[in-house]
Amino acid sequence: FFVVLFFILIVIINPITFLLFLLGGIYEHLFVMSDEEIVEVTNQAVLTKDLSLCNKVPEFKNFNEHPQEGCRYRVILAIGDPKLCKNHTTLSYCVDAIATQKSDLSICNELKDYPYNPPLKEESVNKCYLKVIVENHRFSECNKLVLNESCYHSFADYKKDITICLNINDKDKREWCLRNTATNSTDVSMC
């Protein structure tokens, strides 16, 4: 009874509100993809390595969700071509991921071809090198990096081996690496 009364009051008191409510529900039902549909289309795009399928995914879902961008990113990673990252909003993250996935430092050099201001460009390339070296456990290549202290520190922490810190020339950074690695290790003999 109350539902019927409420329905009648809405239709009689404010027919425009009712009409907008009704149209909104129809629009959402007909034109807005569900989360399951977004996942299904994205998975199909990744499986077939077809970037054009991502155009079927909505550009925005909520204020901070961008399913179309996520779809494109996953397909680009599946294809493995860093040149496709050029049109991706998180360019360096995209190139880093492909370089790391392929364990190929030369892919990081792709970042040199994009329109950054020079200091940021060099920093992006070095961060990419660091990510590839660290995530692929290529310890011996730390010396190739401009920022090799970060590389040695990351490996020392990962391996729980303070002797790796001894490769760091800067005394303060070496001490910080030694202290941090010892603190993060469960081996009390390091202390």
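**Figure 1. Disulfides of the chain as a set.** By the rule that a disulfide is a pair of cysteine sulfur atoms within 2.5 Å, the count comes to five disulfides in this predicted model. A disulfide is, in general, a covalent bond joining the sulfur atoms of two cysteines. Because the model is predicted, local features need pLDDT of at least 70 and side-chain atom pairs count only at pLDDT 80 or more, whereas totals for chains, interfaces and linings use all residues. Residues are numbered from 1 along each chain as its sequence is written, and side-chain values use heavy atoms, with hydrogens and water left out.

**Figure 2. Close-up of the disulfide between cysteine 54 and cysteine 71.** The sulfur atoms of cysteine 54 and cysteine 71 lie 2.1 Å apart and form a disulfide. Cysteine 54 sits in the loop between helix 3 (35–48) and helix 4 (67–79), while cysteine 71 belongs to helix 4, so the pair ties together parts that are 17 residues apart in sequence; helices here are DSSP runs of H or I with at least four residues, numbered from the N terminus. The link of cysteine 54 and cysteine 71 is left-handed, with -75 degrees about the S-S bond. Cysteine 54 has a relative accessibility of 0% and therefore counts as buried, a term that means under 20% relative accessible area with a 1.4 Å probe and protein chains only.

**Figure 3. Close-up of the disulfide between cysteine 85 and cysteine 94.** Cysteine 85 and cysteine 94 form a disulfide in which the sulfur atoms are 2.1 Å apart, and the link is left-handed, with -70 degrees about the S-S bond. Cysteine 85 is buried at a relative accessible area of 0%, and cysteine 94 likewise counts as buried at 0% relative accessibility.

**Figure 4. Close-up of the disulfide between cysteine 108 and cysteine 128.** A distance of 2.1 Å separates the sulfur atoms of cysteine 108 and cysteine 128, which form a disulfide. This pair links distant parts of the chain, with cysteine 108 in the loop between helix 5 (91–102) and helix 6 (118–135) and cysteine 128 in helix 6, 20 residues apart. The torsion about the S-S bond of cysteine 108 and cysteine 128 is about -75 degrees, so this disulfide is left-handed. Cysteine 108 counts as buried because its relative accessibility is 0%, and cysteine 128 is buried too, with a relative accessible area of 0%.

Key:
Helices (H or I, at least four residues) and strands (E, at least two) are DSSP runs, numbered from the N terminus. Buried means under 20% relative accessible area, exposed over 50%, partly exposed in between (1.4 Å probe, protein chains only).
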